[in-house]
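Please keep the sequence and the 3D view side by side while you read this briefing. The points are grouped by topic, so that each can be checked in turn.

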Amino acid sequence: MKKPAWRVTASAYAIDTPYLRLRKDTIELPDGTVIDDYFVRESRGFVIVFALTAGGEVVLVRQYKHGIGRVVLELPAGAIDDGETPAETAARELAEETGFTAASLESFGSFVVEPTNSDVLAHLFLARDAKRTGAQRLDVTEDIDVELVELDRLRSMLHDGSIDCIPHVGAIYIALDRLQGERASP
């Protein structure tokens, strides 16, 4: 399918803060229909870090998320700051949220999060041989409990709903497949 000819006839920022940038477009569709208030969330994206210890445990974080109004269990993650690469963000967020650092950090893809009303990309990283090397350095809105989970238990946590934030669910499945492929290779 080729890209349809949507035409932006006007565009302005409805919200423009360090935490949220929301653009309001007026769109003319190929059939002439005009949509006056098509909102798009702009972002530098974010990272998700699958951190694996030498002992085969995965580093998880349990924290309150105000948007959903409840505590969630997920992988360490965070927004890319201005002037930062995704790899720099991954190392920073892992250390800040958990106090862990890793011997190596490998990118294993970037994925579209919500293409209908956002340009956000999630950049996934595998941190190998992660170990606690310092204290957490949390943002003012963060209160994070770090949990280590055996690698073999992680898939069942996805199935039973213990981990239910979809970008993290996807990242975990992709990381598990990658690790399984490495074990299967001669």
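Which residue does Val61 stand opposite in strand 6? The model shown here is a predicted one, and in it Val61 stands opposite Glu74 of strand 6.

**Strands 5 and 6**
- Strand 5, which covers residues 57–65, and strand 6, which covers residues 70–74, run antiparallel and are joined by five bridges.
- Four residues lie between the two strands of this hairpin, and Gly69 takes a positive phi near 75 degrees there.

**Leu22 and its surroundings**
- Leu22 belongs to strand 2, which spans residues 21–28.
- Although Leu22 and Glu42 are 20 residues apart in sequence, their C-alpha atoms are 6.1 Å apart in space.
- When neighbours within four places in sequence are left aside, Leu22 is in contact with Ala12, Tyr13, Ala14 and Ile15, and also with Phe39, Val40 and Arg41.

**Helices 2 and 3**
- The axes of helix 2 (residues 151–159) and helix 3 (residues 166–184) come within 11 Å and cross at roughly 145 degrees, and this crossing is left-handed.
- On the helix 2 side the meeting residues are Leu151, Leu154, Arg155, Leu158 and His159, while helix 3 brings Val169, Ile172, Tyr173, Leu176, Asp177, Leu179, Gln180 and Arg183.
- Sorted by class, this contact has eight nonpolar, two polar and three charged residues.

**The largest pocket**
- The largest pocket has a volume of about 1600 Å³, and of the 42 residues that line it, the closest to its centre are Tyr19, Arg41, Lys65, Gly78 and Ala79.
- Several elements each supply at least two residues of this lining, among them strand 3 (34–42), strand 7 (77–79) and helix 3, but the largest share, four residues, comes from helix 1.
- The lining of the largest pocket has 15 nonpolar, 10 polar and 17 charged residues.

**The second largest pocket**
- The second largest pocket has a volume of about 160 Å³, and the residues that line it include Ile48, Phe111, Leu124 and Ile174.
- Strand 9 (104–112), strand 10 (121–132) and helix 3 each supply at least two residues of its lining, with helix 3 giving the most, five residues.
- By class, the lining of the second largest pocket has 10 nonpolar residues, one polar residue and no charged residues.

Notes:
Residues numbered from 1 in each chain as written. Predicted model: local features only at pLDDT ≥ 70, side-chain atom pairs only at ≥ 80, totals over all residues. Heavy atoms only, no water. Axes fitted to C-alpha atoms, helices over the stretch in contact; angles between N-to-C directions. Left-handed = near helix turned anticlockwise from the far one by under 90°. Contact = heavy atoms within 4.5 Å. Nonpolar A, V, L, I, M, F, W, Y, C, P; charged D, E, K, R; others polar. Pairing = 2+ DSSP bridges. 1 Å grid on protein atoms, 1.4 Å probe; cavity = no way out; pocket = protein on both sides within 12 Å on 5 of 7 lines; lining within 4 Å. Points joined across faces, edges and corners; volume = space filled by probe spheres on them.
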